[in-house]
Amino acid sequence: MSTSHNAGVAVRPGREVTSDGSQPNRIVDYQKPILGAIQQAVTGGWDAITGAMEPLTFQDNTTISSAEVLKRLIGCAGPYPHAFTDFRHDFGLVEGLKAKYFFLSLRDRLFEASAKGVPIVSLRGLPGELVHAGGGMPVDIAIWFTESWVSGDYRFVEKGRQLTSFESCPGECAVAAILEARNIPVDLVIAASGTVMSDAPCAHTIHRGGRGVQSLFVDIPHGLEAKDWAVQYVAGQFRQAAAAVGQLSGKIVRDEDVWQAIRHGNEARRAYREFTSLILSPAALLNPPLASFEQIVAVVPAFEWLGDPVANANLIRSLNKEIRGRIDAGVRGGGVAENPVRLFVPGRACLAPIYSVIDDAGGAALGFELFWSFFAEDVDETGDPYQALAEWYLRKWPYSIAAPFEKRVDWLAGICKKGQIEGLLFLNIFGCNWDPPVTLSVADAIKRRLGIPSIFLTSDMPEKDAEGRFKVAGQHRTQIEAFVEMLKVGRRG
Amino acid sequence: MATSNEAASRRQVFPAAGTRRSARASIRAVDDAYAFRYDEIASLRREGRKVVGYVCNYFPVELVHALGAIPIRLAFCSADAMERGKKYVGDSMCPFTRALVGEVTQEGSFTNQHVDFLSGAVMCQQAYNALRVLSYQTKKPLRFLWLPLNPSNDEVRGAFPHELEDFAAELSGFLGRTWTPEALKESVDLYNGIRERIARLYALQSEHSQPISWNEFNRVIHAGPFLDPAHYRTLLDGVIGELEAPASTGPSPASVNSAPATAPRVVLSGSIVAPRDTTLISLLEEAGARIVGDDSCHGSRTFSLPIKSPTLQGIADAYLGSPPCGSAQNPDLENDRRLRHLQDLTQTTRADGVVYYCLRFCDSYAFKASETKTFLEKRGGVPVLAVHSEYGESDLGQVRTRVEAFVEIIR
């Protein structure tokens with residue numbers, strides 16, 4: 001008999017956050033119940049939480065204690081008033097709380113780094129190692145559109161659509177708006193320029209007309225992964241990109257700097273692979289240790305390590321320990337149903353409010369292709385470091401949506417088999433053309449190969465009710481419920 | 001005997017079907033050649049010739065032709081095909097790529113039946129994804145030709161010839177034929193000849209006192225990537241000859257459906273204007289404007305690349321040097337060749353305004369609409385109207401109102 005660690009608690013979103021990220025230095029009433037909820041969630045209360053949570057150590061060897069993490073997250077005048085929103089939260093997962101802190105603290109860490117003279121690089125679709133090696137700090141600005149979801153402040157998206165197009169993906173237009181507002185202290189833009197993501201560089205060039213943000217594009221010859229000259233071509237551009245960061249930081253980038261960044265990245269990738277092994281272990285499949293929302297919070301940093309691969313690896317290793325404990329004890333994640341329908345999310349993975357609906361309907365999103373594929377393979381640690389990165393990028397397809405179609409389907413099918421996946425949930429974003437156009441064909445290929453059905457949801461920004469609470473559009477809730485119900489019926493049949 | 005789907009397909013891609021026959025014999029000859037080309041291609045395939053269906057204007061047709069295959073450009077704009085395409089790619093793709101997918105996946109359509117190999121020197125993610133979906137759904141082999149998206153990067157000059165070489169070798173393997181330097185020179189000369197004639201036609205259309213309507217002009221231009229190139233070159237001679245003939249030789253055929261020479265002069269820019277995509281052009285001409293040039297990838301940009309040397313390096317240099325697509329990035333606004341090309345075009349054609357066509361969800365051009373407008377208005381004083389639209393008539397009234405107001409302003 002398994003037990004749920006806690007029922008999961010949904011709380012009010014913060015209305016006080018502002019679009020420029022400034023903090024309303026006053027008590028946030030809605031946060032008061034959270035502390036009580038957490039204390040109830042964990043036997044032993046506050047002390048048990050801080051005792052269970054390991055401190056977080058960053059790349060520069062600074063450390064933040066578990067008590068400080070909690071204080072910043074839920075302190076009455078804390079800096080992150082929208083840390084906990086209407087979504088379900090598994091307050092018993094203490095390392096999950098730390099993951100939320102890691103996510104929410106990025107902007108502050110960027111400003112702190114910038115104040116110390118560290119170049120901040122808006123990096124899009126490229127390995128973070130290039131920036132770390134050059135002494136900079138990478139940030140994928142598009143992640144702020146996720147913050148828009150969490151904070152409930154959509155002004156960036158609206159402004160971005162004025163700058164780009166009313167039919168733009170919310171991520172790309174947020175990039176344009178944030179660069180315009182200088183909401184993040186970006187010194188350099190480095191973006192992949194390739195047919196898999198041609199709208200991203202377009203969004204980054206919106207401001208080339210004199211706003212002072214230098215841009216550099218790395219041309220990616222997609223579809224030519226087998227060609228040695230293509231690897232050399234990309235490696236040469238990677239070298240230029242790292243040197244451009246080094247110019248800003250005043251650092252001559254040595255190969256050893258790149259190797260160190262690669263080693264840090266590989267450590268994080270290994271920690272993440274351990275994470276996926278745990279999630280896909282037979283015992284975890286019976287009693288998933290994480291709810292769907294906690295899953296996405298854990299893996300989102302994988303792209304650029306939220307500015308710090310060392311902290312990211314430390315965080316995931318701690319999380320793995322906690323997950324292992326849950327698996328050994330047969331404890332399900334907060335809010336996860338007994339014997340849930342196992343779902344996997346291929347392609348894009350967003351729309352945070354939906355994840356609680358999945359759990360409510362009796363399903364569980366076990367993983368996300370976009371992130372899982374990113375850490376599926378290490379960068380080879382031999383030879384020339386830029387070439388090693390280029391080979392990883394072109395031949396191991398960390399961005400699986402860029403992989404050759406059959407290779408991608410092979411990879412997905414492997415995950416589906418291992419995870420005994422019962423259904424695929426494609427969460428497409430309005431205006432996104434990176435992957436959604438291909439997803440119908442991917443779903444068709446998986447259906448033909450494994451008989452696994454798929455469902456497609458396309459959404460723009462989450463809706464809110466009259467009181468400002470997040471809600472999932474009615475049709476999406478109905479679709480998910482019907483899909484999970486259909487799969488349950490299939491089990492009986 | 002054509003199947004019903006094939007017949008429907010021919011109507012979609014045949015520009016003259018359903019439209020008024022041209023008053024000019026030379027243009028009627030182009031239309032007739034287009035209509036006959038379907039049977040000609042089917043016949044050639046029965047004889048063993050392969051057909052390479054491609055997208056985008058940076059595809060080196062010379063190579064395919066030199067290998068003895070038939071290159072045909074895949075470009076469709078029927079609202080029906082666009083709706084059918086949604087079944088495979090959803091509804092956030094641009095109308096052009098949706099129509100492309102809808103057309104080629106239609107069982108029994110001409111392209112579905114007769115294209116052996118899919119390819120394209122694609123620039124944007126939508127065309128890239130459309131080809132991937134087409135290859136999966138139709139089981140036709142696909143080989144992208146990579147073209148650098150960042151032409152300002154010096155390294156591309158070294159990398160692109162490698163890609164052309166690999167591409168030519170792989171295509172040779174598929175076709176079972178090899179190209180020779182002589183065959184390549186013959187192909188390059190042939191297509192260069194076509195480009196010279198097209199350039200002459202554009203100049204005539206801009207300067208002629210009695211220009212033909214732009215939709216009729218486009219019928220001639222759009223026919224090229226479907227017709228046999230040698231035949232097309234001859235047909236272009238006929239069109240040029242007729243347009244250059246003194247107007248006094250008879251009643252002016254141009255007066256049938258063209259704008260007067262004194263009308264406000266407009267350059268058409270932005271997203272692709274595919275064959276039979278006539279709505280915006282008709283609205284402009286009905287509002288009293290005269291189109292004097294375009295930078296469309298199915299228009300003048302297809303022909304803005306004279307190849308100086310009949311070698312792979314020569315081909316690479318020409319395609320890299322041609323005016324770039326909106327998907328290509330240049331971090332330096334001042335040296336953006338797309339904008340420079342458009343600015344030059346407005347000056348050489350003495351344009352009074354630019355109509356910037358944004359197909360829905362065409363991020364590559366929509367994202368740059370505002371910047372293009374600012375660039376041209378500040379530097380050339382040329383007003384710009386950005387029009388967002390898609391295939392079909394759902395927004396006809398709105399677009400008409402905006403076009404009429406714009407033409408009134410620049411008159």
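Begin by selecting chain A and colouring it by confidence, where the average pLDDT is 83 and 82% of the residues score at least 70. Where pLDDT is low, the predicted coordinates should not be read in detail.

Next, show chain B together with chain A and select the residues where the two touch, which are 42 residues from chain A and 41 residues from chain B. On the chain B side, the helices α4 (79–89), α7 (125–138), α8 (156–175) and α15 (363–366) each supply at least two residues, and α7(B) gives the most, with 9 residues. If you colour this side of chain B by class, you will find 21 nonpolar, 12 polar and 8 charged residues.

Return to chain A and select helix α12 (residues 255–279) with helix α18 (residues 385–395), whose axes come within 9 Å and cross at roughly 35 degrees. Show the side chains of A:D255, A:V258, A:W259 and A:I262 on α12(A), and of A:P385, A:Y386, A:A388 and A:L389 on α18(A), as these residues make the contact. By class, this contact has 7 nonpolar residues, no polar ones and 1 charged residue.

Finally, go to chain B and select B:A183, which lies in helix α9 (residues 181–207). B:A183 counts as partly exposed because it has 18 C-beta neighbours inside 10 Å, whereas a buried residue would need 20 or more.

How values were computed: Residues numbered from 1 in each chain as written. Chains lettered and ligands numbered in written order. Predicted model: local features only at pLDDT ≥ 70, side-chain atom pairs only at ≥ 80, totals over all residues. pLDDT = per-residue confidence, 0-100. Contact = placed C-beta atoms within 7 Å. Helix = DSSP H or I, 4+ residues; strand = E, 2+ residues; numbered from the N terminus. Nonpolar A, V, L, I, M, F, W, Y, C, P; charged D, E, K, R; others polar. Axes fitted to C-alpha atoms, helices over the stretch in contact; angles between N-to-C directions. Buried ≥ 20, exposed ≤ 12 C-beta atoms within 10 Å, placed from the backbone.
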